[in-house]
Amino acid sequence: LCDSTEDYFLEIKAEIIRRRRPVNDYPLVKRPVMVFFPSKEVMIAFDDSDQMKEFKVSNHVRVITEAIDPREKDGEFLSATRNGAVTLMIREFGRGTDFKCFDTKILTAGGVHVIQAFYSIDSAEEIQLKGRAAQQGADGSFR
């Protein structure tokens, strides 16, 4: 547990940095990371924080909310699995949403990493979020 919002955001940033590193010998591959937040307000606060500046420079950051145009949804979800992507989402996208990674280099380098930035009261929700990391048996990780 973190003592402050600043500490909480620092922990999320550190985890993103740690998990973007490939687990195998692919130095040019940055694993995609999806961060699920408890609410839109917390997600926007993190996105607006100093902790996100470094990621925004590379233009790999995506923020997905319930306001996403249904016609753009599949494209945004595919982009979330691309090399170096950092995607911020609300917890509702952790259930019933398919994030499929087709890039064999990313899959070989460890796959997609999912960060759950809140505690689930419902164990089914946590199981669903874990499932976003490794669709159809592909490599991936969760924390």
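A: Here it is, and please keep in mind that this is a predicted model. A place to begin is the salt bridge that E66 forms with K40, in which the closest N and O atoms are 3.7 Å apart. This pair links distant parts of the chain, since E66 sits in the loop between β2 and α4 (70-79) while K40 belongs to helix α2, 26 residues apart.

Q: Is K40 buried, exposed or partly exposed?
A: K40 is partly exposed, with a relative accessible area of 32%.

Q: OK, and which residues of helix α2 are buried?
A: In α2, which spans residues 40-48, the buried residues are M43, F46 and D47. Looking down the axis of α2, these fall within an arc of 100°, so they line one face of the helix. E41 and D48, on the other side of α2, are exposed.

Q: What covers the buried residues of α2?
A: The covering elements include α1 (5-20), β1 (33-37), α3 (53-57), β2 (61-64) and β3 (86-90).

Q: Which residue does D47 meet in a salt bridge?
A: The side chain of D47 meets that of K56, at 3.2 Å from N to O. D47 counts as buried at 14% relative accessibility, whereas K56 is partly exposed at 37%.

Q: Switching topic, what does K13 form a salt bridge with?
A: K13 pairs with E54, and their closest N and O atoms are 3.4 Å apart. Because K13 lies in helix α1 and E54 in helix α3, the pair ties together parts that are 41 residues apart in sequence.

How values were computed
Residues numbered from 1 in each chain as written. Predicted model: local features only at pLDDT ≥ 70, side-chain atom pairs only at ≥ 80, totals over all residues. Heavy atoms only, no water. Buried < 20%, exposed > 50% of the residue type's maximum accessible area, 1.4 Å probe, protein only. Helix = DSSP H or I, 4+ residues; strand = E, 2+ residues; numbered from the N terminus. Arc of directions from axis to C-beta. Contact = heavy atoms within 4.5 Å. Salt bridge = Lys/Arg side-chain N within 4 Å of Asp/Glu carboxyl O.
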